Each structure stands twice: as C-alpha cells, then as structure tokens.
Amino acid sequence: QVQLVESGGGLVQAGGSLRLSCAASGRTFSSYSMAWFRQAPGKEREFVSAIRWSGGTYYSDSVKGRFTISRDNAKNTVYLQMNSLKPDDTAVYYCARNRYVGSSRPSVLLASKDDYDYWGQGTQVTVSS
C-alpha cells in the first residue's frame, strides 16, 4: 500500500510563496510519474502540474511560469514551489501517483484525475488579497 503525505500549506498574502512537499512510502517511487491537483470550494478537482519518472514536467496554463514541480527520488518526495501566489490559487492541494509504472503516457492523460490511483489527504493553501 502506498501512502502519500502532503505538507507545507498555509496562509500567505498575495504575491507570496509557499513550497509544498509530498512524501511517498514504498520503494518504487522513482518509477512513477507524480502530480499535484487542487480543489477549491464548490469546484472540481483540477490539474496543477505533473512530473514524469524521467523528469519531464507539465503545468496548467493558470500556474505556468509561477509554479515549479520537482522530485527527489532519494527522499521519495515531490515538491511544488509556488511563487507569485494569487487569491485564485486558494484550494486544497493534493499529491497523486500515476497508476502506470514508467509511463510514456501522453501529457493530456497525465492531466486527468483518472490516471492516478493513490492520493494524499491534501494540504490547505489560502492566499489573502
């Protein structure tokens, strides 16, 4: 059983920064693509960013240029550095593991919730104006 534990959320003013972390259990972390999604109150869970096992990265248009995803396979951890935060970034942020090992999945599928089988409990990010 894989466990994903997010941390690093909090309250920040607009224009500020936060770094989220997601620690994963298991010995095969490096073989899977990982992603961050977020869900604001009353809205659907939406894709934020993904990183392939090989290191390729993808971002939603709404965060491109402001957020950076990275991974440290030695620590079984994936990060999301969030800069220039806006009130619209307020949401619960979830870490997820892709259901396919290795994964040459097309990027459009990496942005789909259905492509992930393990999820963390979420960490709240609140950006005040």
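**Note on a predicted model**

1. Start with charge. The protein has 15 positive and 10 negative charges, and their mean positions are 5 Å apart. Lys and Arg count as positive, Asp and Glu as negative; His and the chain ends are not counted. Each charge is placed at NZ of Lys, CZ of Arg, CG of Asp or CD of Glu.

2. How to read the values. This is a predicted model, where local features need pLDDT of at least 70, side-chain atom pairs count only at pLDDT 80 or more, and totals for chains, interfaces and linings use all residues. Residues are numbered from 1 along each chain as its sequence is written, and side-chain values use heavy atoms, with hydrogens and water left out.

3. Elements. The protein has eleven strands and one helix. Their order from the N terminus is β-β-β-β-β-β-β-β-β-α-β-β. Both kinds are DSSP runs, numbered from the N terminus: helices are H or I with at least four residues, strands are E with at least two.

4. Overall form. The radius of gyration is 14 Å, close to the 14 Å from the globule rule for 129 residues, so the protein is as compact as a globular protein of that length. This radius is taken over C-alpha atoms, and the rule is 2.2 Å times the number of residues to the power 0.38. Along the principal axes, the C-alpha atoms fill a box of roughly 40 × 25 × 25 Å.

5. Surface and burial. The accessible surface is about 6,500 Å², and carbon and sulfur atoms hold 47% of it. The areas come from the Shrake-Rupley method with a 1.4 Å probe. Of the 129 residues, 42% are buried, meaning under 20% relative accessible area.

6. Contacts. Take contacts between residues at least 6 apart in sequence: 61% of them join residues at least 24 apart. Contact means heavy atoms within 4.5 Å.

7. The disulfide. The structure holds one disulfide. It joins C22 to C95, with S to S at 2.1 Å; the cut-off for such a sulfur pair is within 2.5 Å. C22 lies in strand 3 (residues 18–24) and C95 in strand 9, so the pair ties together parts that are 73 residues apart in sequence. The S-S torsion is about -75 degrees, so the disulfide is left-handed. C22 is buried at 0% relative accessible area. C95 is buried too, at 0%.

8. R97 sits in strand 9 (residues 91–101). Is R97 buried or exposed? R97 is buried, with a relative accessible area of 9%. Beyond its neighbours within four places in sequence, R97 has contacts that include V2, L4, Y32, M34 and D117.

Conventions
Buried means under 20% relative accessible area, exposed over 50%, partly exposed in between (1.4 Å probe, protein chains only).
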